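This report walks through a two-chain model.

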Amino acid sequence: MNAKAAAVRVNDFVVKFANVNGSGSASANGLFARAILRMGVPVSARNIFPSNIQGLPTWYEVRVSEAGWRGRRGGVDLVVAMNPQTWDKDVAELDTGGVLFYDSTRPIPPSKLRDDVTIIGMPLTAICNAEYSDPRQRQLFKNIIYLGALAALVDLDTAEIEKLFAEQYKGKEALLESNRKALSLGRDYALANFDCPLPIRVRRANAVGDRVFIDGNSASALGCIYGGATVCAWYPITPSSSLAEAFQKHCRKFRVDKATGQNKYAIVQAEDELASIGIVIGAAWNGARAFTATSGPGISLMQEFIGLAYFAEIPAVLFDIQRGSPSTGMPTRTQQADLLLCAYASHGDTKHVLLFPQDPTECFTMAADALDLADRLQTPIFVLSDLDIGMQDWLTEPLAWDDRRRLDRGKVMTREELEAGKEFGRYLDVDGDGIPFRTYPGTHPTKGSFFTRGTTKDRYARYTEEGPAYVDNMQRLLRKFETAKDLVPAPVIEKAAQPTRTGVIWFGSTGAAMAETLTALAADGIHLDRMRLRAFPFADAVAEFIAAHDKVFVVEQNRDAQLRMMLVNECGIDPDKLIAVLHYDGTPITARFIIGEIAEKAAVFNVKPMRKVAS
Amino acid sequence: MTYLAKPKLHHPDLPRNKLGYTRRDYEGAISTLCAGCGHDSISAAIVQAFFDLDIAPHRVAKLSGIGCSSKTPTYFLGNSHGFNSVHGRMPSVLTGANLANRDLIYLGVSGDGDSASIGIGQFMHVLRRGVNMVYIVENNGVYGLTKGQFSATADKGSKAKRGAVNSDEPIDMVMLALQMGATFVARGFSGDKEQLIPLIAAAVLHKGAAFIDVVSPCVAFNNHPGSTKSYDYVREHNEAVNFLDVMVPREPITADYGPGSVQDVMMHDGGTIRLRKVHPEFDPTDKIAAMNFLQQQQAAGEIVTGLLYAHPDSRDLHDAQETVAVPLNSLRDADLVPGAAALATFNQGLR
């Protein structure tokens, strides 16, 4: 170990594990992150993985941040370099003064090392070969052994890891014992051979609070349970598959009738995305709450049906877990590039309601909200999550539910109302909100039936190709969209600490990096009023916010500044006013990136740092 | 079209079924299809079958895709909810509807363009899943609404109205349905309503995926010499293997044909189909034999009609899904929402 003098850094560093896909490292790496959480120190953890099952490189990045920053930071302080394929890149990515931990069983030529980092070689393969004879055990326990060594190196309390073992292997004493033993093996070796702990280390804190550690897809799926969804139809596609699979899991727990063992749900893995959305539309037409989960390519395939649901006014909930596009694009990387695809999906004049969750907690609430909104507005509702929110475990506010809340089934005319002679026109706007009444099939023997079609119709659902009837209907759909403005989650607006004429807008997973960005910029004297969008159509407050500022940065994760485009078009904004900050290389946007972009652009656009006025 | 109102008055002595409905209660708007279109005869057969079965019209949901055949649900069961969906995608919409409410009867109406070309994938998968429904393909071998292009069921060598000869192999919907696991498969002819009505009635009583291929000549574009889906050609080559009586708890729905050997097939709800067999060796409960027979007859240029296969103890998608006995769309908050306390426990497991 060639020790380098480095400042002690407690509860604020980034560890990156470089592994081979399929080597069983995910479990050990996850334990590392969760043990730190159990010590009361916030982490954000991200799998960076290829479109592959076995053999290609995969990384797991853990950001330890007592301050609670949830975005990727950029840069690495400790790399666990377990993959020879990516060695050069992994070593290069280390910040100066960082630590390189590697398997030294086979010697590494000095030219492959760096002299500005601390190098810790541990003969992991040799230790495993001496200890285990079974090849699979050698592989799996190697992960646990390095976990033990890392625990000693960053001063992680191994008792927390052992508790996690005990929870994981409850009732499997043999597994529990062998994992404990491997952990000790690694820890003891590190304590005997290295200067433990390193300058970067963990110290018990109380900064986690009651937050939970969960991925967005699992939270969305639970939101569908609480939102009363009974039909799910889907087709496997990364990064959305785990949403439907989580729904299945939650259903087994929450939706099986205790008396009969029968299911209060139906899940169909359809033959393609066209069938998925067709099933959702059929179920919702018939009065069940239904959803599908997909990603950009799936939304592309669903376009025709989305237009039908818009025009025939059928509720549907679509989760788009966005990934790198276009085409197959970067299927295992994140982006926010499906805004335009979803907002104006299908042929002809269409506009759709979009919800933008920023983390798993909002995935839960917005999933339930989306199911209510779909029924209330009788239209498709898109929940635009992304790979970063959907597939990564986030430290996030606990999921919450108000037991007084009731499912809002919207305007559904009942048998009793029909019987009493209440007028029913399927596309008749009775109260000016643009939303008509509907009936479920089978409601009444002689009243309230209608024919649903994608062709034009009059207010009573009668086929017509008359221009005025068509225009009347299209205008009502616009009124309905106007109504949606007040029903969707409002933007979150916050003033900067200092008065400013500059603002910043973002949505979704970009939020993970924004709190850190704004704090750092403020420290540099750049103060920005901020608005986080949570939905489309944009509330009136959105245009008002922009009007109240000279320049507004719009931060998003796509090439073409799609949100900016929508703001310009929908709110009639002067394009010069909106400054795009764009990140779209497939990695989650970092505070470092945004700070750099805004600082540079702020200088160009003459945003003067405003120091606090001396009082 | 619906603006062509039918007179509401009808003869006071029109026969009523057990529910007190007359046949008029099962009709829809006046058809806008061409005069003599086979599809209108199928609509009439549907009206008669539901009247005969004493099923209240509003307990039926009728779904279709796009095309001439898919327009027909407007022309029958006017008090049923209907859904004219997307070209070739009726099966998925019907599947979703069926999952939402298992208590209604689902009638899917489609054509050969809708089901054998653009929608062949959904056609196959809906049968594989065993969705409880009646799926009727009104098969005329051409695209009618777009004026006479060949469809995928047109026979190789058959001639279009303007003389073009079809060079592609035809898709046999019946064989496809058998292969995909449909548990009730029949073929009818729109020119033989007596045979068709009991076939539809039996399909309604069948639990699971029931498919009926109805050869239905297109008078505008495919009823000329050289066509293999013209009235004349089908009449000449129609080889009926059996005729049905459908015995519901009341009197049988009878095909008006002379007697032959008889085979009873029990239906799931306790009803019975009585087959009067024309081919004594043909057993519609033996799928492999049925497929062999169909292939042989087809090679000989015959169009085999009748009940071709019926699984007497079929299951449906709800069985596979193990869903509750009540419709999913009738479940309320208390059935569906686990509540705040359960969520607190869930949160605890995430720390």
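Helices (H or I, at least four residues) and strands (E, at least two) are DSSP runs, numbered from the N terminus. On that basis chain A has 20 helices and 23 strands. This is a predicted model: local features need pLDDT of at least 70, side-chain atom pairs count only at pLDDT 80 or more, and totals for chains, interfaces and linings use all residues. Residues are numbered from 1 along each chain as its sequence is written, while chains are lettered from A and ligands numbered from 1 in the order in which they are written.

**Chain A overall**

The C-alpha atoms of chain A fill a box of roughly 85 × 70 × 45 Å along the principal axes. The radius of gyration, taken over C-alpha atoms, is compared with a globule rule of 2.2 Å times the number of residues to the power 0.38. A compact globule of 615 residues would come out near 25 Å, so the 27 Å of chain A agrees. Of the 615 residues in chain A, 52% are buried. Buried means that 20 or more other C-beta atoms, placed from the backbone, lie within 10 Å of the residue's own.

Domain bounds come from an automatic or database domain assignment.

| Domain of chain A | Residues |
|---|---|
| Domain 1 | 9–201 |
| Domain 2 | 214–396 |
| Domain 3 | 415–487 |
| Domain 4 | 492–604 |

The C-alpha centres of domain 3 and domain 4 of chain A lie 40 Å apart.

Two residues are in contact if their C-beta atoms, placed from the backbone, lie within 7 Å. By that test, 57 residues of chain A are in contact with 50 residues of chain B. Helix 9 of chain A gives the largest share of the chain A side, nine residues. Strand 17 of chain A also takes part in strand pairing, which requires at least two DSSP bridges between two strands. Strand 17 of chain A runs parallel to strand 2 (residues 81–84) of chain B, with three bridges. There, Phe451(A) has Gly82(B) as its bridge partner.

**Strand 10 of chain B**

Strand 10 of chain B runs antiparallel to strand 13 (residues 272–277) of chain B, joined by six bridges. Asp245(B) has Arg274(B) as its bridge partner in strand 13 of chain B.

Notes:
A residue is buried if 20 or more other C-beta atoms lie within 10 Å of its own, exposed if 12 or fewer, and partly exposed in between; C-beta atoms are placed from the backbone.
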